[in-house]
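Please walk me through this protein model.

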Amino acid sequence: MNSAVNTAGPLPVIDVSPFTGPSTPDTGRERAGVARRIEAACLDSGFFYISGHGVPDDLIALLREAAARFFLLPPEHKMRISMDRGGRAWRGYFPVGGELTSGRPDLKEGLYFGADLGHEDPRPLHGPNLYPEEVPELRAAVRAYMDALTGVGQAVMRGVALSLGLEEDYFASGYTATPTVLFRIFHYPPAAESGRGGWGPDEWGPDEWGVGEHTDYGLLTLLLQDGNPGLQVHTARGWIEAPPIPGTLVCNIGDMLDKLTGGLFRSTPHRVRNQTGRGRLSFPFFFDPGWDCEVPPLPALPARDGGRPRWDGLDLRAFTGTYGDYLTAKVAKVFPHLGGRVLPHTSAGRETV
């Protein structure tokens with residue numbers, strides 16, 4: 001196995017096959033090498049590509065084809081699985097402008113999925129998914145992809161654990177023993193189709209984004225892109241592009257890994273603008289702590305002053321509560337029209353995060 005780092009622009013490509021493939025006599029040494037590269041990437045930008053993830057090409061092709069078919073449906077057909085019908089499970093479709101980032105509507109439409117559970121689950125953001133009858137193959141593709149990405153998330157977190165000087169199963173035996181897993185499929189239409197006028201770099205306003213600047217909430221995000229660029233990452237070198245690289249997933253760390261490491265690994269702001277003149281599909285998978293887990297700084301790490309300041313000025317150390325508390329407060333701001341109706345009221349102190 002080759003665990004060497006190749007560079008695609010400023011972000012490294014890390015082969016994680018020593019964690020996803022079968023063990024060999026050299027596996028321990030190879031995993032240590034991958035962990036060092038993960039550590040370097042997390043200290044630098046918090047973003048890297050992973051190869052050797054083991055997700056079958058035919059599954060990825062099926063998922064992309066089914067998603068493309070869904071977004072070609074007439075609006076009234078897509079609205080048959082509107083998030084308004086998902087209740088507390090927070091699942092289903094939203095149209096362009098239906099999701100907010102930092103209080104501004106995003107120029108994208110999308111589908112929200114999670115672990116398929118029963119209606120009786122009392123927790124917010126838990127329950128059954130909504131699938132379109134017009135694209136029946138999407139159900140099997142989403143379920144199989146979520147299962148595959150859950151395994152990839154556990155594998156990458158083993159590398160993260162080693163990078164922090166912990167036993168490789170530290171997270172799998174605790175924080176991610178029963179992870180919170182969420183999956184999104186986003187379609188970024190050309191500006192002309194989003195109702196914002198004709199397409200062209202000069203026709204986008206300075207604050208018009210497919211997704212505005214933000215950080216992710218949990219431990220890891222594993223992003224499958226189509227062939228169209230658009231993702232931008234805010235590093236110490238300024239904003240850089242993270243273009244699609246065939247055979248890879250983009251991996252970035254979220255707020256909870258930032259909090260666990262006391263700011264050693266920072267969750268990095270990123271944003272999306274589709275200026276290709278074509279529709280763009282992306283498939284972010286969020287691999288997060290268990291719903292009821294509290295996330296204090298790891299005792300194995302020395303106390304820190306929080307590392308470099310966060311982009312939004314917030315101090316994650318000030319948050320107390322479970323990951324479910326954190327996620328619920330965040331998501332209620334993303335969909336405020338739904339949040340006030342189907343999610344429990346959160347305290348003012350937690351809303352400040």
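What follows goes from the whole chain down to single residues.

This is a predicted model, in which local features need pLDDT of at least 70, side-chain atom pairs count only at pLDDT 80 or more, and totals for chains, interfaces and linings use all residues. Residues are numbered from 1 along each chain as its sequence is written, and side-chain values use heavy atoms, with hydrogens and water left out.

Begin with the overall make-up. The protein has 9 helices and 15 strands. Helices here are DSSP runs of H or I with at least four residues, strands are runs of E with at least two, and both are numbered from the N terminus. The protein has 353 residues, and 56% of them are buried. Buried means under 20% relative accessible area, exposed means over 50%, and partly exposed lies in between (1.4 Å probe, protein chains only). Next come the contacts, meaning heavy atoms within 4.5 Å. Among contacts in the protein with a separation of 6 or more, 76% join residues 24 or more positions apart.

Now look at one helix pair. Two packed helices are described by the angle between their axes and the distance between the axes. Helix α2 covers residues 27–44 and helix α5 covers residues 137–163. They pack at an angle of about 80°, with their axes 8 Å apart. That makes α2 roughly perpendicular to α5. The axes are lines fitted to C-alpha atoms, for helices over the stretch in contact, and angles run from 0 to 180 degrees between N-to-C directions. Angles under 35 degrees count as roughly parallel, over 145 as roughly antiparallel, 65 to 115 as roughly perpendicular and the rest as oblique.

Which residues make this contact? From α2 come Arg31, Ala35, Ile38 and Glu39. From α5 come Val156, Gly159, Val160, Leu162 and Ser163. By class, the contact of α2 with α5 has 5 nonpolar, 2 polar and 2 charged residues. Ala, Val, Leu, Ile, Met, Phe, Trp, Tyr, Cys and Pro count as nonpolar, Asp, Glu, Lys and Arg as charged, and the others, Gly among them, as polar.

Turn to the largest pocket. Its volume is about 780 Å³. Of the 43 residues that line it, the closest to its centre are Thr101, His214, Thr215, Asp216 and Tyr217. Elements that give two or more residues to the lining are β5 (100–101), β8 (180–188), β9 (211–214), β10 (220–225), β14 (270–272), β15 (280–288) and α7 (323–334). The largest share, 6 residues, comes from α7. The lining divides into 20 nonpolar, 10 polar and 13 charged residues. On a 1 Å grid over the protein atoms alone, a pocket is an open set of points where a 1.4 Å probe fits, with protein on both sides within 12 Å along at least five of seven lines, and lining residues have an atom within 4 Å of a point. Grid points are joined across faces, edges and corners, and a volume is the space filled by probe spheres set on the points.

His214 lies in strand β9. His214 is buried, with a relative accessible area of 17%. His214 and Ser267 are 53 residues apart in sequence, with 9.4 Å between their C-alpha atoms.

Leu231 sits in strand β11 (residues 231–235). At 3% relative accessibility, Leu231 is buried. Leaving aside residues up to four places away in sequence, Leu231 touches several residues, including Phe47, Leu223, Val250 and Val272.

Several loop residues also deserve a look. Cys293 is in the loop between β15 and α7. The C-alpha atoms of Cys293 and Thr322 are 5.2 Å apart, although 29 residues separate the two in sequence. Ala115 is in the loop between β7 and α5. At 32% relative accessibility, Ala115 counts as partly exposed.

Finally, check the backbone. Most residues other than glycine have a negative phi. Trp90 has a positive phi of about 60°. Trp90 is in the loop between α4 (75–78) and β4 (92–94), and at 2% relative accessibility it counts as buried. Leu125 has a positive phi of about 65°. Leu125 is in the loop between β7 (109–114) and α5. Is Leu125 buried or exposed? At 4% relative accessibility, Leu125 counts as buried.
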